[in-house]
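Thank you all for coming. I would like to walk you through one structure today, and I ask that you keep the sequence and the picture in view while I talk.

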Amino acid sequence: MRLTVAQALVRFLGRQYTERDGQRQRLIAATWGIFGHGNVAGIGQALLEAGPDAMPFLQGRNEQAMVHAAVGYARQRGRLSTHAVTTSIGPGATNLVTGAALATINRIPVLLLPGDTFATRPADPVLQQLEVPYAGDLSVNDTLRPVSRHFDRITRPEALIPAALQAVRVLTDPVQTGAVTLALPQDVQAQAHDWPEEFFAERVWGVRRPRPDRTELAAAAAAVRGSARPLIVAGGGIRHSGAEAALAAFADATGIPVAVTQAGKGVLPYDHPAEVGGIGHTGTATADELAREADLVIAAGTRLTDFTTASATLFQNPAVRFIGLNLDPYDAHKLAARPLVADAREGLDELREAVAGYRVDPAYESAYAGRRSAWEGRVDHAYAVSAADEELPPTQAQVLGLLDGLVDGTDILINAAGSLPGDLHKLWRARSADQYHVEYGYSCMGYEIPAAIGVGMAAPGRPVWALVGDGTYLMNPTEIVTAVQEGVPIKVVILDNHGYASIGGLSGAVGGEGFGTGYRFRAPDASYTGDPLPVDLAANAASLGMAVIRARTVRDLREALAEARSATRPTCVYTQTRTPDTVSGPPPAQAWWDVPVAETATRKAAAQAREEYDRQAAQRRRHL
């Protein structure tokens, strides 16, 4: 069959499928694109010729945002289906870097197809070519190498076959998956080649579920049986594996409490007796106290980042040991853990059978149940609205409380950056396994709105909320136009607190005195401490095509959120949160996070912050 390289690639991608537990999904459900000279006559022509049945096309406004939308879609589909993203060479390609980093860090599959400079070098340099005197084969696309799980450049037509197969292998590998980049020189895209029919046959890529090694399983079971105060730390791997029922069965059988990371929140519903809330710097007092006392930590499907471990200060019991249940051996060995390398569902099921009859002491269950109940009281307090509050602007915690009173298990909340991830991790009551969608591997400002579009496409008919602060909104609002164009009825809630409030709070805590974090005019001393900027974000959202509801008071906001939830078109709810409570009103951090403070400084705030830093850092442990 004679086709161009671009035509062959599009045809190939349309016939790739994943299968897990007997369920088959199309791997590349659609392709996002913004066209320039580097892809318009290649991939662009191929998509046009293929038509929407063979490969649906989605028009984006920002290359980074297109990757975020693909990631949102893929996460919602359990990493079994994703989107491709095509761009031109030049700034379109380099705009992919942030999105690629986010996908790879979070281990979410997305296929990137940037155009590239000419492979045949008919002129040198060509438009948007990066000239590197020591390497003639480099282009700006090489910036994607360190943030891609697999990278290849197709410099001849016949190279497409092994490259495409390798790309799909990585996309469907539950350990290796992330951003996969196939750089496509613009001349090669348009070259014709005689392709074997077998290349275009339907292929089904099985997503494996490795079972644990017998020796590792026996060692893990012995550790559980020998523990008195065990704790499970459940991460995003539980969700990616679809292991929620296995986790619930394990907790029910053993009575071991379950703390959750940002990626793992929701794998048990908030009202499950063993669920003790978020862990680490943004976690609950319940989970963090249990972590400090634990003699065994079962790290299940988590990368154990610094927020989870409170920068290596959280697990303080001198006798604490770890079991690393993870599909990736790299993660399974962290904190000198006893590795249990396996799929999360298979590992939990077999470990439950291996420890049959074991259960924690009833006094331990009773103690953490009491702590859990006390924390729920603190959540109620943070959410509370008094009669006087009804006519005041809401606090950020009250915004979450109003949403908490409105949603059910079908709603999906998306967030990534600012002060909201901490508030959500501590306070939000997740009602379903996929309700809580906080991207905190990269904590990327600008993720929320495009990701909401991807989630809305993956879960049509469900209410999808993008919660953004004014700082995040100003970073990347342009995909609102796409939501309007595609008729995806996302609900964007803009919380305007006049600046980078989260970093402003952190700056104050580490002696930076909030420097450079407010969205304000300059004061006479040249600092950004004057009046708030007269920016109307609601008007901006309306100009991009959204229906906009302004909410001045708590009463207004309650009505606005209800109206937005039932809306059938993209809708924005805009509110200014109450000052001086510009960050939130929930309990403060229950564990430390390492942000180095100046070791020497002339300003008093920095000197005091350094004293506190030294005190906290002294608690850091190396688990060996």
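Predicted model: local features only at pLDDT ≥ 70, side-chain atom pairs only at ≥ 80, totals over all residues.

Residues are numbered from 1 along each chain as its sequence is written, and side-chain values use heavy atoms, with hydrogens and water left out.

Let me start with the cysteines. How many disulfides does the structure hold? The count is zero, where a disulfide is taken as a pair of cysteine sulfur atoms within 2.5 Å. Cys 444 is in no disulfide, and the nearest cysteine sulfur, which belongs to Cys 572, is 20 Å away. As for their surroundings, I will call a residue buried when it has under 20% relative accessible area, exposed when it has over 50%, and partly exposed in between, using a 1.4 Å probe and protein chains only. Cys 444 is buried at 7% relative accessibility, and Cys 572 is buried as well, with a relative accessible area of 0%.

Now to the charged pairs. Side chains of opposite charge can pair when their charged atoms come close. The rule used here asks for a side-chain nitrogen of Lys or Arg within 4 Å of a carboxyl oxygen of Asp or Glu, and by this rule there are 36 salt bridges.

One of them joins Asp 21 to Arg 209, with 2.8 Å from N to O. When I name helices and strands, I mean DSSP runs numbered from the N terminus, with helices being H or I of at least four residues and strands being E of at least two. In those terms, Asp 21 sits in the loop between β2 (16–20) and β3 (23–26), and Arg 209 in the loop between β11 (203–206) and α8 (214–225), so that this pair links distant parts of the chain, 188 residues apart. Asp 21 is partly exposed at 48%, whereas Arg 209 is buried at 16%. Both of these residues also belong to a network of salt bridges that takes in Asp 343, Arg 345 and Glu 346.

A second salt bridge is formed by Glu 350 and Arg 211, at 2.5 Å from N to O. Because Glu 350 lies in helix α14 (residues 344–354) and Arg 211 in the loop between β11 and α8, the pair ties together parts that are 139 residues apart in sequence. Here Glu 350 is buried at 10% relative accessibility, while Arg 211 is exposed at 55%.

Let us turn to helix packing. Two packed helices are described by the angle between their axes and the distance between the axes. The axes here are lines fitted to C-alpha atoms, for helices over the stretch in contact, and angles run from 0 to 180 degrees between N-to-C directions. Helix α16 (residues 396–404) and helix α17 (residues 420–427) have axes that come within 11 Å and cross at roughly 50°. The contact, meaning heavy atoms within 4.5 Å, is made by Gln 396, Ala 397 and Leu 400 of α16 together with Leu 420, Asp 423, Leu 424 and Leu 427 of α17.

In helix α11 (residues 285–293), which residues are buried? They are Ala 285, Thr 286, Ala 287, Asp 288, Leu 290 and Ala 291, and what covers them includes β12 (230–234), β13 (258–260), β14 (275–278) and α15 (362–383).

I will end with two single residues. His 623 is placed in the segment after α24 and is buried at 11% relative accessibility. Leaving aside neighbours within four places in sequence, His 623 is in contact with Phe 315, Val 320, Phe 322, Leu 335 and Ala 336.

Ser 88, in turn, lies in the loop between β6 (82–87) and α4 (91–94), and is buried with a relative accessible area of 9%. Not counting residues up to four places away in sequence, Ser 88 touches several residues, among them Ile 34, Gly 36, His 37, Gly 115 and Gln 128.
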